[in-house]
Amino acid sequence: MCGIVGYIGSRSVVEILTSGLRKLEYRGYDSSGIAVHSGKEIKVYKAEGKLQNLDDLMQKHVSETASSTLGIGHIRWATHGAPTTVNAHPHTCNCGKLVIVHNGIIENYKELRADLEKRGCKFRSQTDTETVAHLVAYHYGKLQNLTEAVRQATKEIDGAYALCIMHQDNPNVLVATKRNAPLLVGIGEGEYFVASDVPAIIEYTKKAMYLNDNEIVTLTRENMDLIDIDNNKISSKIEMLPWEPVALSKMGFKHFMLKEIHEQPDVIRNVLSGKLFNTDEPINLSEVNLTKADLKKLNRIQIIACGTSLHAAMVGKYLIEEFCGIPVDVEASSEYIYRKTVTDEKTLVIGVSQSGETADTITAIKQSKERGSHILIITNRPDSTMARFADSLIPVNAGIEVSVAATKSYVAQLISFYLLAIYMGEVKESISQVFSKNLKKELVILPQKIEQILAHKEIIQRCAKHYSRYKDFIYIARGINLATSLEGALKLKEISYINATGYAAGELKHGPIAMLDETMPVLAILMKGSVYEKILSNAEESKARNANLIALTDSDDPKLDDLFDFIIRIPEVSEVLSPIISVIPLQLMAYYIAEFLGKDVDQPRNLAKSVTVE
């Protein structure tokens with residue numbers, strides 16, 4: 001959610017800010033704005049809705065911004081205050097000289113606001129961010145030093161923040177700081193960039209410094225000075241950025257989501273590369289620091305995640321319990337952090353997050369680490385905050401995912417859980433060599449089977465067009481594919497806004513069956529294996545209530561033709577691996593329904609790619 005871009009150098013700042021914000025659109029937003037320093041004064045421009053509205057506004061002010069080389073920009077996802085122009089960032093102090101952009105939530109903003117109002121500050125917006133602008137301006141009035149004013153102000157702030165600040169009286173200074181929210185500084189020749197994520201600046205530089213919590217960086221065109229909140233000087237650690245600009249191109253696809261669905265065969269190959277060399281050899285997870293002795297002492301595993309990552313975790317639970325015989329709990333991070341943490345040194349805690357910046361999951365990981373648990377992180381961003389808390393790390397290597405609805409990162413997380421479960425089973429010697437070898441053989445050829453699905457999408461498109469007129473949807477499954485039904489339903493409601501729900505098929509008769517009639521389509525994930533006949537029976541119960549039935553199956557059973565209205569057939573795969581292949585048609589189904597309905601597929605309303613506030 002939200003995105004920050006800042007620049008100080010010699011280039012035209014408006015182009016850099018608007019380009020950077022466009023690269024951050026995937027994070028989700030409802031308004032945008034930039035502030036530029038002309039050398040004499042700061043001007044602020046803000047707009048509701050899409051970035052095009054801000055672009056159109058800036059076209060009217062080209063003459064007054066053309067020479068500006070210092071500025072900050074922001075896309076906002078509303079938390080405090082409605083998505084209006086007044087509430088959009090940047091925010092200013094009363095005199096308009098100090099300007100600020102902010103990601104995060106200021107938890108004590110009401111108390112700070114009350115004190116500032118007593119001091120004469122007049123508030124224009126309903127945001128928590130404006131409180132910070134007034135607070136820093138108050139300290140600046142006493143200290144006449146922007147860095148010191150920021151340092152003193154942050155001592156009074158509770159909550160999460162990434163801040164980028166400039167002042168009219170300092171035409172060659174940009175100050176940034178963070179706590180519990182991501183922020184990095186891109187390093188160029190005679191120029192610096194500030195951003196909340198890599199895509200905003202990767203076009204301009206591959207050298208960057210990631211800020212740690214409570215660090216404050218002061219940037220001029222010539223220098224970068226770094227201190228902590230106690231005013232101690234810190235040495236900067238410069239890293240090379242991992243992304244290529246081409247990752248932000250649609251490469252001929254209509255939407256990023258469709259492109260990313262089609263990337264999944266190669267994503268699987270990337271995840272397996274370097275970890276599965278030969279089906280006769282053990283899985284190589286060099287960054288997982290769990291020995292046989294470590295695994296023997298474990299009496300419990302907790303997997304903590306949110307959203308799509310939570311569904312990957314559910315598959316992970318099934319695999320680890322099946323392969324290793326260790327009890328596994330899966331919990332939503334947002335629930336985990338508000339009750340007693342009962343982990344200890346005999347508990348392995350696995351945090352799963354595409355971005356590695358999910359606020360609830362970071363908090364949960366911190367709580368578990370304080371209790372002595374071994375922390376294993378599965379993330380697409382090995383440079384993220386969560387990764388820095390890891391005792392063990394599995395980077396999923398999905399590449400940057402632009403569409404808000406997760407697709408390729410989910411499949412990459414699934415593959416990572418399969419590798420982890422096999423690895424643990426091999427180290428613990430709880431699975432046979434024959435079983436392990438056969439599973440690895442199937443993993444290696446999975447990309448080819450997914451490519452078969454992607455090459456023959458016609459039945460999925462016809463099915464999607466037919467059902468795009470329905471207002472409700474039910475997905476049913478059992479066993480290892482229960483998570484697949486939940487993920488399929490989530491994808492559909494995320495991008496089409498259709499009310500879709502996933503159920504354990506056996507639970508239909510315990511309440512949900514009351515909803516079934518000719519207006520309620522039911523999609524059954526009917527993969528061959530131990531629960532095939534049971535789900536088939538549940539589908540027949542649904543048909544008896546006049547529900548429209550869709551089968552997603554790898555079976556050629558002829559009796560399905562009479563029972564189901566649509567059948568989406570996919571290549572055969574062993575039941576244990578079926579979640580990887582069965583989710584692909586569900587992603588495509590959601591995509592095509594949303595496209596037929598004319599929805600904004602890549603940037604659905606109200607959603608953010610990375611939820612960096614609790």
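A salt bridge is counted where a side-chain nitrogen of Lys or Arg lies within 4 Å of a carboxyl oxygen of Asp or Glu. In this predicted model, local features need pLDDT of at least 70, side-chain atom pairs count only at pLDDT 80 or more, and totals for chains, interfaces and linings use all residues. Residues are numbered from 1 along each chain as its sequence is written, and side-chain values use heavy atoms, leaving out hydrogens and water.

With that in hand, a network of salt bridges links Asp197, Arg381 and Asp383, and the structure holds 30 salt bridges. Another joins Lys178 to Asp213, with the closest N and O atoms 3.1 Å apart. Lys178 sits in strand β8 (residues 174-179) and Asp213 in the loop between β11 (207-210) and β12 (215-219), so the pair ties together parts 35 residues apart in sequence. Strands (E, at least two residues) and helices (H or I, at least four) are DSSP runs, numbered from the N terminus. Lys178 counts as buried at 4% relative accessibility, while Asp213, at 32%, is partly exposed. Here buried means under 20% relative accessible area, exposed over 50%, and partly exposed in between (1.4 Å probe, protein chains only).

Turning to the strands, nine of the nine residues of β6 (residues 98-106) are buried. β6 and β7 pair in the antiparallel sense over nine bridges, where pairing requires at least two DSSP bridges between two strands. Within this pairing, His102 stands opposite Leu163 in β7.
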